[in-house]
Amino acid sequence: MLILRLIYVILLPILVAGRLWAVLRGRESWVDLRTRLRGPKGPTGAVWIHGASVGELASAKPVIAALADRPLLVTANTTTGRDRVQSWGMAHVTSALAPLDFRAVARRMARQTSALIVLENELWPARLLAAHNADRPVILLGARMSDGSARNWRRFRRVASRILAPVAMAVPQDARSAENLRRLGVPKAALRPPVTLKAAYLADNRPLPDDVQVFDRTTTLLAASTHAGEEAVVLKAFADLRRKRTDLRLILAPRHPARGSEIADLARAAGLGVSRRSLGEGPDKPVYLADTLGEMPLWYRVSGVAFLGGSLVDKGGHTPFEPIAYDCPILHGPSVRNFAETYAALHAAGGAVRVKDAARLADAMAQHLGDTGMAEKARAVAAPVDLAPLIAEIKAILPALPRP
């Protein structure tokens, strides 16, 4: 524990400086900084649910909605995650930025809340230890523990044991995560069968906004959640296709919209006209840069094929369940360890195609644009998950609702 405290002492000024820089650049407010340093104000006795950002919290939305018969404090590391939860308008749900993981703040949060539910891989030591010390039940939901993360945690075996051994319930994302969590100290009795929360994703069928209706699934390609190093490959593939079919259009939705200017420059360098959604520009160019957050469902709904980013570079890939829900054929690169079992099943059924360079990406986009058969195979493999039994067990672990 001494080593952990020394690490925190070293990190403290770095983390605070990072948050202060976000305020000075206008990405966060001074109120946000106060929340980061002191913790959010929520209803006393609320169940604290924490997820990294939009994707993690959106995947847990059915669980959050089912637990919202009691006070909930839902936190995110990002302002976009916080705002997404707020936009749901759920009764009894308070959304806020997550505090920095310092002992004093974590203890205050533990006193204020009645339980802690952690989504995916958000294992912050101070808040987990504080919850255990305050005798608050801790639940790991959709927990992801890759081999690389497990190796890092094994360097701090005593810390890992202290924060994982008292966990009341751990629902891993996959079998590999389950084994890694068990080896790090999660009791076998606390482990449950793997559940991928993102597999419970339900399609949004509300009417499309007027400015999006110009896209046609027979001519629209999508590059979703791309990272640095992938956009150049996608743009080269699209430029090659445009020489043969000038009616094709590309929606490029980067994982980090702040990179919008950089990506727009790449498109122009590839000889492609580009318009940016973040600037209010209409989709009147061959490339529409969707450099916004929280709108990915729109792009899956109007696209005839999607390349999923984080896979041509070593990021482990992004969820295939969203495009599956919208019957959008899936292309991806070699790196898909975050959803390895799902992608293996998709390949076995012919529900996804792997590519490794611009030439193969261009061929796959041309071949599978509007491929309804491929989309049907993917849907057959990755049917929505029923979360009702899991939610019932979570409710049984949480403290009883206070009597009126």
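Trainee: Which side chain does the side chain of arginine 36 make a polar contact with?

Mentor: The side chain of glutamate 28, at 2.6 Å. A polar contact here is a pair of N or O atoms within 3.5 Å; within protein, one must be able to donate a hydrogen and the other to accept it, and residues adjacent in sequence count only if both atoms are side-chain atoms. The side chain of arginine 36 also reaches the backbone oxygen of alanine 98, at 3.5 Å.

Trainee: What kind of model and numbering is this?

Mentor: The model is predicted: local features need pLDDT of at least 70, side-chain atom pairs count only at pLDDT 80 or more, and totals for chains, interfaces and linings use all residues. Residues are numbered from 1 along each chain as its sequence is written, and side-chain values use heavy atoms, with hydrogens and water left out.

Trainee: Back to arginine 36. Buried or exposed?

Mentor: Arginine 36 counts as buried because its relative accessibility is 4%. Buried means under 20% relative accessible area, exposed over 50%, and partly exposed in between (1.4 Å probe, protein chains only). Arginine 36 sits in helix 2, residues 30-38. Helices (H or I, at least four residues) and strands (E, at least two) are DSSP runs, numbered from the N terminus.

Trainee: What is arginine 36 in contact with, leaving aside neighbours within four places in sequence?

Mentor: Arg19, Glu28, Ala76, Asn77, Leu97, Ala98, Pro99 and Leu100. Contact means heavy atoms within 4.5 Å.

Trainee: Switching to salt bridges. How many does the structure hold?

Mentor: There are 25. The criterion is a side-chain nitrogen of Lys or Arg within 4 Å of a carboxyl oxygen of Asp or Glu. One of them joins glutamate 231 and arginine 259, with the closest N and O atoms 2.8 Å apart. Glutamate 231 is in helix 11 and arginine 259 in the loop between strand 8 (249-254) and helix 12, so this pair ties together parts that are 28 residues apart in sequence.

Trainee: And are those two buried or exposed?

Mentor: Both glutamate 231 and arginine 259 are buried. The side chain of arginine 259 also has a polar contact of 3.0 Å with the side chain of glutamate 262. Glutamate 262 is in helix 12, residues 260-269, and counts as partly exposed because its relative accessibility is 41%.

Trainee: Which residue forms a salt bridge with arginine 277?

Mentor: Glutamate 295, with the closest N and O atoms 2.7 Å apart. Arginine 277 lies in the loop between strand 9 (274-276) and strand 10 (287-289), and glutamate 295 in the loop between strand 10 and helix 13 (296-302), so the pair ties together parts that are 18 residues apart in sequence. Arginine 277 counts as buried, at 15% relative accessibility.

Trainee: What about lysine 285 and aspartate 284?

Mentor: Their side chains meet in a salt bridge at 3.8 Å, N to O. Lysine 285 is partly exposed, at 36% relative accessible area, while aspartate 284 is exposed, at 57%. Elsewhere, Asp32, Arg82 and Asp83 are linked in a network of salt bridges.

Trainee: New topic, helix 16. Which residues there are buried?

Mentor: In helix 16 (residues 358-368), the buried ones are Ala358, Leu361, Ala362, Ala364, Met365 and His368. They cover an arc of only 165 degrees around the axis, so they lie on the same side of helix 16; the arc is that of the directions from the helix axis to the C-beta atoms. Asp363 and Gln367, on the other side, are exposed.

Trainee: What do the buried residues pack against?

Mentor: Among the elements they pack against are strand 7 (220-226), helix 11 (231-242) and helix 17 (372-381).

Trainee: And what is at the start of helix 16, and what follows?

Mentor: At the start, a side-chain oxygen of aspartate 357 reaches to within 3.3 Å of the backbone nitrogen of alanine 359. Glycine 370 follows helix 16, and its phi is positive, near 70 degrees.

Trainee: Last one, helix 10. Which residues are buried?

Mentor: Ser177, Ala178, Asn180, Leu181 and Leu184, in a helix of residues 175-184. They pack against strand 5 (138-143), helix 8 (147-154), helix 9 (157-164) and strand 6 (169-172). Helix 10 is followed by glycine 185, with a positive phi near 130 degrees.
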